[in-house]
Protein chains: 2
Amino acid sequence: MIPKEIKKFVDYFSKLPLLGPRQATRLAFYLLESDKSSLKNLSEAMSDLLKLDRCARCFFIKEENEKLCPICSDEKRSPTVIAIVEKETDLMTFEKMSKFKGQYLVLGKLAEKGILEQTQKARLEKLKSRIKSELGGSADEIIIALNATAIGDFTSDIIREEFKNLSKKITRLGRGLPTGGEVEFADETTLLHSFEKRY
Amino acid sequence: MIPKEIKKFVDYFSKLPLLGPRQATRLAFYLLESDKSSLKNLSEAMSDLLKLDRCARCFFIKEENEKLCPICSDEKRSPTVIAIVEKETDLMTFEKMSKFKGQYLVLGKLAEKGILEQTQKARLEKLKSRIKSELGGSADEIIIALNATAIGDFTSDIIREEFKNLSKKITRLGRGLPTGGEVEFADETTLLHSFEKRY
């Protein structure tokens with residue numbers, strides 16, 4: 001009774017976060033009402049994400065045909081100061097602050113249990129070899145820019161221990177962040193304070 | 001700094017209902033984490049909606065290459081009983097009931113002010129000529145299956161007046177306590193209806 005296109009749409013889209021079957025159904029009918037060009041745009045915007053890749057140096061996203069992400073390839077940014085962030089969106093929030101001129105390592109979403117996954121361990125290893133090969137074995141500063149949560153604290157301790165001989169200074173974001181607060185949701189001023197009060 | 005694909009995605013998707021810029025950004029990164037085939041599926045499911053069209057008889061959706069929607073072309077369904085629904089999703093809820101074996105007219109989303117739009121007037125005219133040409137000028141029953149709201153009531157009155165000479169019977173959906181509803185928590189109007197329609 002329902003066209004297979006709608007069924008397929010609801011089937012696929014209801015698996016996304018934020019959307020249940022009811023929302024996906026309403027979205028389908030909303031899209032059917034909108035003009036054909038914007039529907040095409042949305043579909044293309046989605047498939048265009050396939051053109052993106054991960055930077056092999058900091059693990060942020062990059063264009064498929066670029067060697068590195070725009071941050072790693074920006075020669076004005078200092079490679080000796082490295083901020084370790086959890087998520088890409090954290091990096092983006094950090095960049096909105098327009099204060100940090102170093103580089104990054106995107107660690108990847110931390111598990112509830114606070115244990116580092118294999119990919120996360122591999123990314124930290126990558127940072128170690130980056131410090132060894134590019135910075136003669138010592139960074140000027142590693143800023144552990146993880147959330148001010150229990151898991152963030154726990155992971156920070158691990159990272160601090162792992163990198164204690166690989167950086168002159170290891171800092172965390174100042175506790176200007178409210179306890180339990182997440183980087184992604186911090187307003188720019190709060191983030192700026194926490195950046196300046198890092199310890 | 002942010003790849004243009006992400007910007008475009010956020011730009012387009014944050015205009016959809018349910019999604020703001022933050023949700024669209026998170027969705028983008030969620031999709032970047034998922035495998036490429038499911039991303040392709042989603043994009044295709046979206047562009048496949050372009051293959052859909054509107055049934056010229058009842059205004060429900062139909063496959064582009066089909067003449068009518070599956071309901072209008074189902075010969076087992078009676079063309080003499082017609083349910084007028086507001087939205088496609090209302091029709092779908094009606095169908096889930098598996099009780100109604102008549103046909104439909106989808107009126108289109110009613111405006112807040114309760115005034116019928118040109119397209120809605122045109123759809124009602126289409127139903128009139130359908131009754132005249134197919135049913136010899138009189139349907140057996142028109143069920144006005146609009147919401148039990150002020151706008152639904154108002155629109156029902158208009159439709160009842162418009163079709164008074166074109167159907168043996170014109171009904172609305174029954175009013176009363178919803179299943180599981182408690183008298184104590186029923187609003188006065190609901191209770192009044194349930195009292196008047198007691199059986």
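**Figure 1. S98(A) lies in the loop that links helix 4 and strand 4 of chain A.** The model shown is predicted, with local features requiring pLDDT of at least 70, side-chain atom pairs counted only at pLDDT 80 or more, and totals for chains, interfaces and linings using all residues. Residues are numbered from 1 along each chain as its sequence is written, while chains are lettered from A and ligands numbered from 1 in the order in which they are written. Helices and strands are DSSP runs numbered from the N terminus (helices: H or I, at least four residues; strands: E, at least two). Although S98(A) is not a glycine, its phi is positive, at about 55°. S98(A) counts as exposed because it has 9 C-beta neighbours inside 10 Å.

**Figure 2. F59(A) occupies the loop between strand 1 and strand 2 of chain A.** Its phi is near 70°, a positive value in a residue other than glycine. F59(A) has 24 C-beta neighbours inside 10 Å and therefore counts as buried.

**Figure 3. Strand 3 (residues 81–85) and strand 4 of chain A run parallel and are joined by 4 bridges.** Strands are taken to pair if DSSP finds at least two bridges between them. The bridge partner of I84(A) in strand 4 is L105(A). From strand 4 (residues 103–106), Q103(A) and L105(A) point one way and Y104(A) and V106(A) the other, and all are buried. Beyond its neighbours within four places in sequence, I84(A) is in contact (C-beta atoms, placed from the backbone, within 7 Å) with residues including L107(A), I142(A), A145(A) and I159(A).

**Figure 4. The largest nonpolar core contains 84 residues.** I84(A), A145(A) and I84(B) have the most contacts inside this core. At least three of its residues come from each of domain 1 (4–52) and domain 2 (67–196) of chain A. Such a core is a set of buried Ala, Val, Leu, Ile, Met, Phe, Trp, Tyr and Cys residues joined through C-beta atoms within 7 Å. The domain bounds come from an automatic or database assignment. The C-alpha centres of the two domains of chain A are 35 Å apart.

**Figure 5. The contact between the chains takes 44 residues from chain A and 43 residues from chain B.** On the side of chain A that touches chain B, the elements giving two or more residues include helix 1 (4–13), helix 2 (21–33) and helix 3 (36–47). By class, this side has 27 nonpolar, 6 polar and 11 charged residues.

**Figure 6. Helix 1 (residues 4–13) of chain B has E5(B), I6(B), F9(B), V10(B) and F13(B) as buried residues.** Seen down the helix axis, these residues fall within an arc of 130°, so they line one face of helix 1. The arc is that of the directions from the helix axis to the C-beta atoms. Helix 3 and strand 1 (52–54) of chain A, together with helix 2 of chain B, are among the elements covering the buried residues.

**Figure 7. L32(B) belongs to helix 2 (residues 21–33) of chain B.** L32(B) counts as buried because 20 C-beta neighbours lie inside 10 Å. Leaving out residues up to four places away in sequence, L32(B) touches L49(A), L52(A) and I61(A).

Definitions and conventions:
Buried ≥ 20, exposed ≤ 12 C-beta atoms within 10 Å, placed from the backbone. Contact = placed C-beta atoms within 7 Å. Nonpolar A, V, L, I, M, F, W, Y, C, P; charged D, E, K, R; others polar.
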